[in-house]
Amino acid sequence: MPRPKSNPQVVLRPQDLVVLLRLALERGPAPTYAALAAELGMTASEIHAAVDRAVAAQLAHKGTSGKATVILAALRLFVQYGARYCFPAVRGSLTRGLPTGYAAAPLKDLIVAGADPAPVWPQKNGTVRGIAFYPLYPSVPETAERNPALYGLLALFDAVRGGSARERALAIDLLEKRLQP
């Protein structure tokens, strides 16, 4: 990955975490960049750059075939201790969208919602009215609807980055279980 000589630092981007969480679901060989791009609503070059940044950050490695494999232990630690500071929650006004955080499975079964509006990823066709909780990448709501397992991981991550202390603790525990080899 070429970097300017004036600033050789690698900086993770929000879409990198989306790609890493998607790759963490794989138990077999990783899909191609083109297949990931179609699934995640990104371009193949965005997927390639995300994988390169993840490898540089030691959150993934590439095998001899060039396919990326997530280092699950490193990803768990990053999500638990660092990702919420790298990708803080950004909220907006009341809108229609897809539930996230404590309002989405699997946390919605563990937390009783209060009177406040639920956090939602803004989406035109959304069925729930709540407070906008902007996703890591614009295509996340559509991607989440197509992939329930990824939806669960992204909703848990939103609880980590923008939830109360109790929500964070529950989300971290559930993420630990889901991100096991």
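Visitor: Are W121 and Y151 buried or exposed?

Guide: Buried means under 20% relative accessible area, exposed over 50%, and partly exposed in between (1.4 Å probe, protein chains only). Both W121 and Y151 are buried. Keep in mind that this is a predicted model: local features need pLDDT of at least 70, side-chain atom pairs count only at pLDDT 80 or more, and totals for chains, interfaces and linings use all residues. Residues are numbered from 1 along each chain as its sequence is written, and side-chain values use heavy atoms, leaving out hydrogens and water.

Visitor: How many aromatic pairs does the structure hold?

Guide: Rings of Phe, Tyr and Trp (its six-membered ring) pair if their centres lie within 6.5 Å; planes under 30 degrees apart count as stacked, over 60 as edge-to-face, the rest as tilted. The structure holds 2 such pairs. F78 and F87 have ring centres 6.5 Å apart and planes at 80°, so they are edge-to-face. F78 counts as buried at 16% relative accessibility, and F87 at 7%. For W121 and Y151, the centres are 5.6 Å apart and the planes at 45°, so that pair is tilted. It links distant parts of the chain: W121 sits in strand β4 (residues 118–122) and Y151 in helix α7 (residues 148–162), 30 residues apart. Helices (H or I, at least four residues) and strands (E, at least two) are DSSP runs, numbered from the N terminus.

Visitor: Which residues have the most contacts inside the largest nonpolar core?

Guide: A nonpolar core is a set of buried Ala, Val, Leu, Ile, Met, Phe, Trp, Tyr and Cys residues joined through side-chain atoms within 4.5 Å. The largest one has 52 residues, and L17 and L75 have the most contacts inside it. Its largest share, 9 residues, comes from α7.
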